Amino acid sequence: MVPTHYYLILSAILFGLGVIAFIFRRNIITIFMSIELMLNAVNLAFIAFSRALNKLDGQVFVLFVIVVAAAEAAVGLGIIIVIARNRQSLNVERVDLLKL
Amino acid sequence: MSDFLAQHAEILITLVKIAILLFVVLTVNAYLTWFERKLIAHIQSRWGPHRVGPHGLLQPLADGAKFLLKEDPTPAGVDKFVYYLAPLLALALALTSIAVIPFGPDPLHFKGHDIYLGIVDLNIGILALFAITALGVYGLALAGWSSNNKYSLFGGLRSSAQMISYELALTMSVVGVLLMAGKFSLRDIIDAQANSRGLFGWSGIFHWNILAGPFPQILGFLCFFVAAIAETNRAPFDLPEAEQELVGGFHTEYASFKFAMFFIAEYTSMITVSCLCSILFFGGWLSPFPASWTLTTYLPSVLLIPFGLWVIWDGLRYETIFGKLILPAVGAVIAALGAAFLLFPAVNAFIQGPFWLLSKIFTFLFVYVWMRGTLPRFRYDQLMSFGWKLLLPASLANVVLTAAALLWRGN
Amino acid sequence: MGILNYLWIIPALPLLGSALNGLLGSKWPNKIVSVIAVGSTGLSFLAALEAVREFTHLAPENIPWVKQYFTWIVAGDFRAGFDLQIDHLTVVMLLVVTGVGWLIHIYSTGYMAHEGGYYRFFSYLNLFMFFMLILVLAANYVLLFVGWEGVGLSSYLLIGFSFLRKSAADAGKKAFIVNRIGDFGFMLGMFLLFRTFGTLDFVPLFAKATPMPADALGHLGMFTVACLLLFTGACGKSAQLPLYVWLPDAMEGPTPVSALIHAATMVTAGVYVVARSHILFTHAPTAMFVVAIIGCATAFFAATIGLVQTDIKRVLAYSTVSQLGYMFLACGVAAFSAGIFHLMTHAFFKALLFLASGSVIHAMGGEQDMQRMGGLSKKIRWTYLTMLTATLAITGFPPFAGFFSKDSILLSAYQSEHGGRILYAFGLLTALLTSFYMFRLIFLTFHGKPRYDAHKVHVHESPKSMLVPLVILAVLSLIGGWVAAPAFWGAPDYFAKFLEPTFAQSGSSSAEAAEATARALETPLAIVAVVTALLGFVVAVWLYLKQPGKPEQLAKSMRGAYNTLLHKYYVDEMYAALIVKPLLWLSTNVLWQAVDVGTIDAAVNGIAEGATDLGDGVRHTQSGNTRSYAVWVVIGALVIIAIIFWPYFRPATAGMVR
Amino acid sequence: MNAPLIIFFALAAMCVTGAISLILQRHPIHSALSLIVVMVALAGLYLLMGAEFVAAVQIIVYGGAIMVLFIFVIMLLNAGVEERTNLSKLAGFAGIPLGVALMGFLAAAVARSQDMVQAAAQSGAPAPTKALANLLFQDFVYPFELTSFLILIAILGAVVLAQRENA
């Protein structure tokens with residue numbers, strides 16, 4: 001039986017890596033993926049707690065998170081497409097103006 | 001060593017099962033190509049392959065040899081890693097999906113071990129299957145992208161979009177069945193059909209989900225089958241590899257064995273889908289006849305023995321020497337198998353399930369090929385609008401109706 | 001008790017009139033305006049009469065009658081309410097203010113008939129009435145101070161009534177500022193009183209003060225300091241040395257204003273305050289002495305200046321200053337009833353003098369210089385008669401009002417223990433000068449041959465609306481003093497008797513022995529005073545009727561003195577040099593350049609620029625670069641996590657997942 | 001060292017490797033593949049914790065839909081290797097330390113709180129999907145419905161965003 005805090009620490013590490021990825025990547029799509037990574041880390045923590053406490057709520061929350069992530073992906077990628085269409089660039093550092 | 005085996009016999013057995021299943025599936029794949037080409041040819045009133053071996057029976061072997069031996073060029077400017085990863089991914093996932101499928105109801109008793117037909121029986125079996133098929137898309141998409149070829153890219157784009165779109169319908173159309181079974185495990189689903197209250201209380205084929213109450217899953221089945229065909233990129237949904245438009249689509253740049261991998265993956269997923277159709281909607285290994293009709297248990301022998309005799313006769317009057325030698329042998333083997341079933345009731349009883357299941361699978365494979373032979377390919381916008389505007393609502397309606405019926409029936 | 005429960009009506013009426021005229025009057029014809037103004041004042045006069053009638057029926061223990069209407073300020077245990085009080089002193093002031101005020105209102109309707117801003121004038125005048133009534137009715141120093149400042153305000157407004165004339169506007173400002181100086185002292189006095197007694201309501205304050213021991217002479221105790229501070233305010237308001245300078249300039253205002261505010265009522269407010277606080281003053285002999293000296297000095301000083309002024313109104317102004325000096329002299333020698341008595345009579349005849357001079361100016365078509373008048377007695381007989389009456393009254397000829405009041409003041413001065421003789425001497429001298437310059441005024445104005453161009457100036461008698469008040473006031477200044485007459489044949493001085501309940505505590509005027517000596521001295525001193533007045537009269541006759549050329553020769557012969565007097569001892573110039581210039585310099589260089597521009601504006605602009613620079617600096621964090629934003633978010637997350645989890649960074653603490 | 005632990009460490013290694021390669025890969029496709037690896041490994045961890053349904057959903061939705069969408073977009077926009085601009089000085093020097101600090105904080109907090117997490121009774125038994133369904137459709141039915149609305153809105157938004165103006 002794996003101790004719960006192993007999972008928690010793993011999720012912490014994944015989250016941190018997600019943050020670093022967010023900060024260090026310049027491609028909007030990659031940044032978006034790093035957000036997904038963070039969400040996944042949180043999901044892991046949820047599941048770990050739900051197992052530790054013998055409560056299924058954690059898993060329900062994970063389902064919600066996944067749904068939200070799906071919606072987010074749909075809208076976010078739409079936005080990315082629009083950005084790429086308007087700016088001819090996916091580099092966030094090139095997208096630093098409110099209007100063209 | 002031996003005690004290790006003693007302790008971990010399960011592992012050993014599983015490994016053996018995997019080996020056997022792999023062999024079977026690959027062989028079936030090979031001969032499926034032969035079968036398809038023959039059938040299409042006859043639909044188009046041609047002969048099809050008939051040079052390599054009698055009735056071209058050795059054609060698959062020749063093709064296999066050709067795949068293995070042909071030069072394997074890697075185009076310039078491809079993304080090596082992904083380029084090599086894609087076919088592996090496709091093949092691996094396709095083969096993995098077979099693993100959760102059970103092929104027979106009752107286990108073999110061997111040295112105190114109950115050996116079930118089928119590798120694993122997950123209690124989320126169907127979900128796992130969907131998961132694996134869902135991942136299957138990467139093979140195609142990545143192949144298309146990594147080939148550094150615009151046609152391939154289009155293929156990949158199409159396949160990914162198409163798979164996402166139809167996966168929804170695929171999953172939704174199954175929900176009806178899941179509602180009626182209340183389980184995810186395929187074995188449990190089949191058992192549920194076995195124990196289900198048949199339509200108007202009739203037995204046999206009326207226990208199957210396709211016909212059984214409270215709400216026959218005809219709509220669900222149609223949605224599922226169409227979506228599944230799309231998932232497997234088969235005609236009339238084979239846009240990712242539409243030769244006429246994309247010169248082969250995502251696998252344009254793949255040659256020899258890597259191409260073979262895609263090929264095998266495709267046919268394997270065909271088989272998987274056929275298995276799913278028969279298990280989810282057509283009662284899996286359940287016989288279409290009521291249990292009281294005991295004579296139907298001899299149906300396998302009754303089919304096999306004449307078929308074997310016909311093969312022998314056909315071989316004897318075949319032109320080539322090779323044919324004269326080999327075909328009667330095969331026919332003899334088949335006839336002997338039928339006779340064996342006839343002689344050993346236990347064996348006969350055991351093979352009932354697999355027999356029915358395999359025959360159903362064969363039927364669906366036949367339908368696959370049949371559709372390819374008859375239906376023209378969809379246009380892309382048609383594909384999308386069909387998937388989103390017809391298939392998805394239909395499957396959702398199926399879910400709602402099934403749930404309503406179940407509630408009405410009060411169970 | 002009818003109106004006594006509704007004392008607030010008395011001041012409220014003029015306020016109403018003022019509001020109506022001020023807000024709506026501009027649209028109304030003069031008739032409505034005057035009806036409202038005069039009507040409101042007259043009604044409040046009637047209300048005052050009714051109040052007095054009821055007051056006389058009050059049981060002695062209900063006096064002073066205090067009515068608390070609403071609480072205005074509450075801070076800690078301090079309460080300043082809108083409380084009105086009425087006692088004998090208030091009764092006198094009330095009647096004087098409302099009565100004279102009413103007459104002057106009537107007069108004004110005629111005098112101002114052709115002036116612009118008719119409604120404005122009456123609005124201000126009613127406002128003044130309101131504040132003056134508040135002043136006299138107030139039951140605590142705070143409310144009194146409201147009236148005090150209010151009359152200052154309305155006097156400012158009225159002096160600068162024709163604000164298009166720079167001199168008028170300046171005069172208004174001068175009056176206001178000089179008053180501020182006094183008011184400052186007044187406020188300090190109030191604070192000191194509050195600090196000492198914990199209240200500013202008259203009744204409890206005086207009740208607390210009475211038993212306390214008086215300060216020794218020449219010793220600056222609390223009482224002395226408080227009284228001196230209050231007296232500073234009184235000086236400012238009542239134009240005593242050294243703050244008298246504003247009053248002569250205040251003559252820039254319309255004549256009725258001069259009559260009402262700067263002769264009859266407002267300027268006497270200082271005297272009223274001193275009398276009102278007589279208990280405090282009697283506890284501070286030093287302050288009393290100072291008051292007496294200042295009063296005496298002012299009286300003499302102003303009279304000397306009055307000798308040579310040629311502007312009719314200025315003469316009267318200086319005479320007002322000197323008469324006020326008399327009143328303070330009286331208060332200074334603890335003859336409060338005498339002071340108030342003189343206040344009343346002075347209100348009558350000085351108002352009369354001003355109104356009459358107004359009538360003269362009206363007749364002369366705005367001419368104020370006496371050297372361009374003369375021989376008017378035939379043309380404007382009524383004015384002449386009334387003015388003559390007033391002159392006789394002020395110069396103190398029996399049986400006119402001034403005689404009795406001035407006589408009682410001189411008597412009290414003579415009786416007072418500290419330097420009484422000197423005070424008396426100066427008082428007498430002042431009387432001489434008074435009668436001289438008053439008759440000089442009469443002769444220059446009404447006698448001799450006309451010195452004006454008869455073709456330009458068409459002399460005409462004033463309308464009834466102006467003459468009627470003149471006559472009434474003339475009668476009053478004739479009989480106004482008779483209430484005190486019985487003192488001569490041994491009977492009690494009714495006025496003093498009437499005020500006794502109020503001033504009883506301030507013993508000296510009611511001590512029996514003093515009574516006796518007073519009776520003994522009464523007649524001789526009276527005779528002396530009359531003789532002095534006659535002397536002044538004779539000199540005036542000699543100089544201005546018999547030999548009209550003489551004054552010029554005199555002026556030439558003692559030019560220094562003459563110029564000094566003509567330039568009012570150069571006091572204004574001195575103030576300008578000593579106070580105004582330094583103040584201007586200070587304001588320009590320190591307050592304006594250094595403080596305002598250098599400090600305040602600099603601070604404000606500095607803050608603004610700092611904000612700009614800050615924003616300019618911080619702007620760069622808003623680079624629009626998502627990665628930088630991400631870093632900020634991470635920093636925030638770190639902080640939050642640190643805050644949340646800090647307690648858990650110690651092992652074996654539970655609750656993180658709960 | 002029992003089997004679950006071994007599996008855990010294997011999967012954890014997969015996760016971390018995938019995450020790191022997500023950071024290091026310079027091509028979006030490779031990053032996406034790394035992320036897929038992470039997700040599959042996570043699904044494995046969920047299985048290990050007995051959350052089978054969630055594991056399946058994780059692979060189907062994340063692996064099968066969301067990431068496919070990502071790859072689809074990457075291919076659609078034909079995104080190339082990302083350019084190495086360094087316009088954000090802040091991210092340049094402060095990024096890594098901060099990220100590591102955050103990681104450390106979280107890990108420390110979790111590690112310190114291990115005891116009380118341990119205190120809670122654990123059972124590796126698979127969570128019956130039926131129970132999950134009951135919870136989801138009884139206790140959490142309103143949030144569930146809200147999510148359906150959310151998805152609807154997201155669909156509309158995506159359509160509006162992706163359609164060309166002139167179309």
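How many residues of chain B are in contact with chain D? There are 20 of them, and they meet 16 residues of chain D; two residues are in contact when their C-beta atoms, placed from the backbone, lie within 7 Å. Before going further, please keep in mind that this is a predicted model, in which local features need pLDDT of at least 70, side-chain atom pairs count only at pLDDT 80 or more, and totals for chains, interfaces and linings use all residues. Residues are numbered from 1 along each chain as its sequence is written, while chains are lettered from A and ligands numbered from 1 in the order in which they are written.

Let us stay with chain B for a moment. On its side that touches chain D, the elements giving two or more residues are helix 5 (125-146) and helix 6 (150-181) of chain B. Helices here are DSSP runs of H or I with at least four residues, strands are runs of E with at least two, and both are numbered from the N terminus. Helix 5 of chain B provides the largest share, 9 residues. By class, this side of chain B holds 17 nonpolar, 2 polar and 1 charged residues. Nonpolar means Ala, Val, Leu, Ile, Met, Phe, Trp, Tyr, Cys and Pro, charged means Asp, Glu, Lys and Arg, and the others, Gly among them, are polar.

Chain A is our next stop. Of its 100 residues, 63% are buried, that is, 20 or more other C-beta atoms lie within 10 Å of the residue's own, the C-beta atoms being placed from the backbone.

Chain A also touches chain D, with 64 residues from chain A and 76 from chain D. Helix 1 (4-24), helix 2 (28-52) and helix 3 (57-87) of chain A each supply at least two residues to that side of chain A, and helix 3 gives the most, 22 residues. The classes there are 47 nonpolar, 11 polar and 6 charged.

Finally, look inside. A nonpolar core is a set of buried Ala, Val, Leu, Ile, Met, Phe, Trp, Tyr and Cys residues joined through C-beta atoms within 7 Å. The largest has 205 residues, and Phe128(C), Met132(C) and Leu329(C) are among those with the most contacts inside it. Domain 1 (1-159) and domain 2 (160-560) of chain C each give this core at least three residues, the domain bounds coming from an automatic or database assignment. Beyond its neighbours within four places in sequence, Leu329(C) is in contact with residues including Ala292(C), Cys296(C) and Ile409(C). Apart from this core lies another, of 202 residues, including Ala21(A), Ile124(B), Trp145(B) and Tyr254(B).

Conventions. A residue is buried if 20 or more other C-beta atoms lie within 10 Å of its own, exposed if 12 or fewer, and partly exposed in between; C-beta atoms are placed from the backbone.
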